[in-house]
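Please look over the chain below. The report starts with the overall fold and then turns to single residues.

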Amino acid sequence: MPRERGEKVIATNRRARHDYNIEKSYEAGLVLTGTEVKSLRQGRANLSDGYAFIKGNEAFLDAVHIPEYSQGHWTNHSAKRIRKLLLHREEIAKLSHAVSAGGYTLVPLRLYFSDGRAKVEIALAKGKKEYDKRQTLRERQDNREAERAMRLRNRMGE
């Protein structure tokens, strides 16, 4: 029985949702060293430059920055090493086919602890064009203005 219950989010990649259209997301375990886990428990990680790739029948996470553990010594890890992802063989096959077909990439969305185990949510994503990004921002701003107008109208009616 795990000591911890529930989810504790360590880092999110907000930029990924801006730069990519998220098609489907998967939960994957991470192969980590002891000092990496201790550093994550301190809530320190950066997913902004990270990406996942598939080599052979294995999935890997690259360019995710987990800083060195502050109380670590010679056993400390390197901050931006390639880390293995733990996924089912069928999931790896699906992701591999989608990425090799073209247009898709694998991006990490968030890094978290689920019942005491480090997990990463990776997404099969398609890159947005610049005009798509502007359109998304415009829609969000229009929705915000409509909400504000409705709130003011409701207050005036009272």
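## Fold and basis

Helices (H or I, at least four residues) and strands (E, at least two) are DSSP runs, numbered from the N terminus. By that rule the protein chain has 4 helices and 7 strands. Their order along the sequence is β-α-β-α-β-β-β-α-β-β-α.

This is a predicted model, in which local features need pLDDT of at least 70, side-chain atom pairs count only at pLDDT 80 or more, and totals for chains, interfaces and linings use all residues. Residues are numbered from 1 along each chain as its sequence is written, and side-chain values use heavy atoms, with hydrogens and water left out.

## Dimensions and surface

The radius of gyration of the protein chain is 19 Å, whereas a compact globule of 158 residues would have one near 15 Å. That radius is taken over C-alpha atoms, and the globule rule is 2.2 Å times the number of residues to the power 0.38. Along its principal axes the C-alpha trace spans about 65 × 40 × 30 Å.

The accessible surface comes to about 10,600 Å², and 46% of it belongs to carbon and sulfur atoms. Areas come from the Shrake-Rupley method with a 1.4 Å probe; for residues, only the protein chains shown count as cover. Buried residues make up 33% of the 158 residues. Buried means under 20% relative accessible area, exposed over 50%, and partly exposed in between (1.4 Å probe, protein chains only).

## Contacts and charges

Contact means heavy atoms within 4.5 Å. Take the contacts between residues at least 6 apart in sequence: 69% join residues at least 24 apart.

The chain carries 32 positive and 21 negative charges, and their mean positions are 2 Å apart. Lys and Arg count as positive and Asp and Glu as negative; His and the chain ends are not counted. Each charge is placed at NZ of Lys, CZ of Arg, CG of Asp or CD of Glu.

Glu-36 belongs to helix H2 (residues 34-41). Its relative accessibility is 0%, so Glu-36 counts as buried. Beyond residues up to four places away in sequence, Glu-36 touches Val-31, Ile-66, His-77, Arg-81 and Arg-83. A polar atom of the Glu-36 side chain lies 2.7 Å from the backbone nitrogen of Thr-33.

Asp-19 sits in helix H1 (residues 14-19). Asp-19 is buried because its relative accessibility is 17%. The side chains of Asp-19 and Lys-133 are joined by a polar contact of 3.4 Å. Such a contact is a pair of N or O atoms within 3.5 Å; within protein, one must be able to donate a hydrogen and the other to accept it, and residues adjacent in sequence count only if both atoms are side-chain atoms. Leaving out residues up to four places away in sequence, Asp-19 touches Gly-127, Lys-128 and Lys-133.

## Loops with positive phi

Ala-63 lies in the loop between strand S4 (58-62) and S5. Its phi is near 65°, a positive value in a residue other than glycine. Ala-63 is buried, at 17% relative accessibility.

Asp-115 is in the loop between strand S6 (104-114) and strand S7 (117-127). Phi of Asp-115 is near 50°, again positive in a residue other than glycine. At 32% relative accessibility, Asp-115 is partly exposed.

## Around helix H3

His-88 is in the loop between strand S5 (83-86) and helix H3 (89-101). With a relative accessible area of 55%, His-88 is exposed. His-88 and Ala-28 are 60 residues apart in sequence, and 8.8 Å apart in space, C-alpha to C-alpha.

Ala-101 is part of helix H3. Ala-101 is exposed, at a relative accessible area of 66%.
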